[in-house]
Amino acid sequence: MNINPSQISSHNESLLADHKEKFDFLAQQLDKSGIDVENLIQKVQNLQIEVPSWALGTGGTRFGRFAGGGEPGNLIQKIEDVGVLNTLSRACDSISLHIPWDIPSDANAIKQELKTKGLKINSVNSNTFQDQPDQKHSYKFGSLCHTDKEVRKQAVDHNIEVIEYGKMLDANVLTVWLADGSSFPGQMDFRRAYSNTLSSLEEIYSKIPNEWQMLLEYKPFEPAFYHTVIPDWGTSYSMVTALGDKANTLVDLGHHLPNTNIEQIVATLQLLNKLGGFHFNDSKYADDDISVGSIKPYALFLIFLELVKGETTNMEPAWMIDASHNLKDPLQDLLQSLQNIHLNYAKALTVNLDELRHAQESNEVAQCQEILQNAFQLDLRPLVAEARFRAGGALNPLSAFKSLKVRENLIKERGTSTVATGL
Ligand code: PSV
Ligand code: MN
């Protein structure tokens, strides 16, 4: 399905007068507080978030999956869906592939489709957490950490194959997430599991092209229940440091135990110049993978504040959503996530960092809180809408999605029983 510019314009027309009134008022207020509105708009427009190919279909839980209609049945259709999201939001100009959920068997056709939709692929993800039908060795007891070197080799080779696919598609990031770990005390030797993993990663790292990054994602538990080989940022940091400059840590917001101070992790990794990527989502209990900003918006704002402070470092993290939806229409959900990312980024940008620093240096605790909460409580929706509008997007992507009957059209084109690959 394609949405053409005239459809966006007619959607915008009906909202424009009201929007202008709100935006003009907000712009005046921001201007009075010394905020450069044009610069803010530019920065919001520049923040592009990669959409994972596996979030375009309806996910499930281990208890069941309730598929929606019109899900993308192949990679071309997944690219089409991201095209729709980007046309509406102007916030996601790339799609991330998970291999072998998405095998780009015809790289030229994929590249052509990407070009037509104005999209690209930044990151490719390997999968050594599931067994594939034609696979020789099982990953039941781990992959890169496995006790058997043949299994480790198979997992290393898979990662190298993913790099090769990525090269064909002009990607520049390999993301490695491992389910490796154990579910019972004594099942696995912590030290040997760590060493085997690091040696396997070294083999993969040796194949990373020069202009690429290899990102190492950590997660404290699930599917392993007792120990995960790379459970936290510190373990990931120790490994990426041992690997070299092209290896960096990836922070997935859902991969922390409850109440972890993620903004502090972000600050530390950025200070150490090892924050390479980000998976946005939100959660109440564990890796719930629900819509960004739906549960802990203030935490999201605080994370963005650290990211904004780190903007002066020379490394630009690879931004991505990593979510899975089992109740909402996945495309509507992604539009809400993109909006919340832009909104909290914009709020963080309004913080006067000099003023904050002054309050911190003089230990004016109450004032520090005022500065942060004043920014967080600003309603910047008209500004984010203006940024999107000027970039050719919809003033209200979610209502445009509904009024243009995107899902109904996708169901007409693809039917009601397609199932997208993923978890
Ligand atoms: C694991 O929970 C994870 O966050 C990794 O990024 C995987 O690649 C992705 O989710 C799979 O859904
Ligand atoms: Mn992730």
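In which loop is E222 found? E222 lies in the loop between β8 and β9, in a model that is predicted.

- E222 and P223 are joined by a cis peptide bond, with omega at about 10°.
- The phi of E222 is positive, at about 80°, although E222 is not a glycine.
- E222 counts as partly exposed, because 13 C-beta neighbours lie inside 10 Å, whereas a buried residue needs 20 or more.

- P100 is placed in the loop between β4 (94–99) and α4 (107–117).
- D289, which is not a glycine, has a positive phi of about 55°.
- The loop between β11 (275–280) and α9 (297–309) is where D289 is found.
- D289 is buried, because 21 other C-beta atoms lie within 10 Å and the threshold for a buried residue is 20 or more.

**Burial of helix α13**

- Eight of the ten residues of α13 are buried, so the helix is mostly covered.
- The buried residues of α13 are P382, L383, V384, A385, E386, A387, R388 and F389.
- These buried residues pack against four helices, namely α1, α2 (37–46), α3 (75–89) and α10 (330–349).
- Just after α13, the backbone of G392 adopts a positive phi of about 95°.

**Packing of α1 with α13**

- Two packed helices are described by the angle between their axes and the distance between those axes.
- For helix α1 (residues 5–32) and helix α13 (residues 381–390), the angle is about 125° and the axes are 9 Å apart.
- The two helices α1 and α13 are therefore oblique to each other.
- The crossing of α1 and α13 is left-handed.
- On the α1 side the contact is made by N12, H19, K22, F23 and L26, and on the α13 side by P382, L383, A385, E386 and F389.
- Sorted by class, the contact of α1 with α13 comprises six nonpolar, two polar and two charged residues.

**Packing of α10 with α13**

- The angle between α10 and α13 is about 115°, and their axes lie 9 Å apart.
- The arrangement is thus one in which α10 is roughly perpendicular to α13.
- The crossing of α10 and α13 is right-handed.
- From α10, the residues Q339, H342, L343 and A346 meet R381, L383 and V384 of α13.
- The contact of α10 with α13 is made up of four nonpolar, two polar and one charged residues.
- L383 takes part in the contact with α1 and also in the contact with α10.

**Surroundings of ligand 1**

- The residues that surround ligand 1 are W54, N125, W177, E217, K219, D252, H279, D287, D322 and L423.
- By class, the shell around ligand 1 divides into five charged, three nonpolar and two polar residues.

Conventions. Residues numbered from 1 in each chain as written. Chains lettered and ligands numbered in written order. Predicted model: local features only at pLDDT ≥ 70, side-chain atom pairs only at ≥ 80, totals over all residues. Axes fitted to C-alpha atoms, helices over the stretch in contact; angles between N-to-C directions. Parallel < 35°, antiparallel > 145°, perpendicular 65-115°, else oblique. Left-handed = near helix turned anticlockwise from the far one by under 90°. Contact = placed C-beta atoms within 7 Å. Nonpolar A, V, L, I, M, F, W, Y, C, P; charged D, E, K, R; others polar. Buried ≥ 20, exposed ≤ 12 C-beta atoms within 10 Å, placed from the backbone. Near = placed C-beta within 6 Å.
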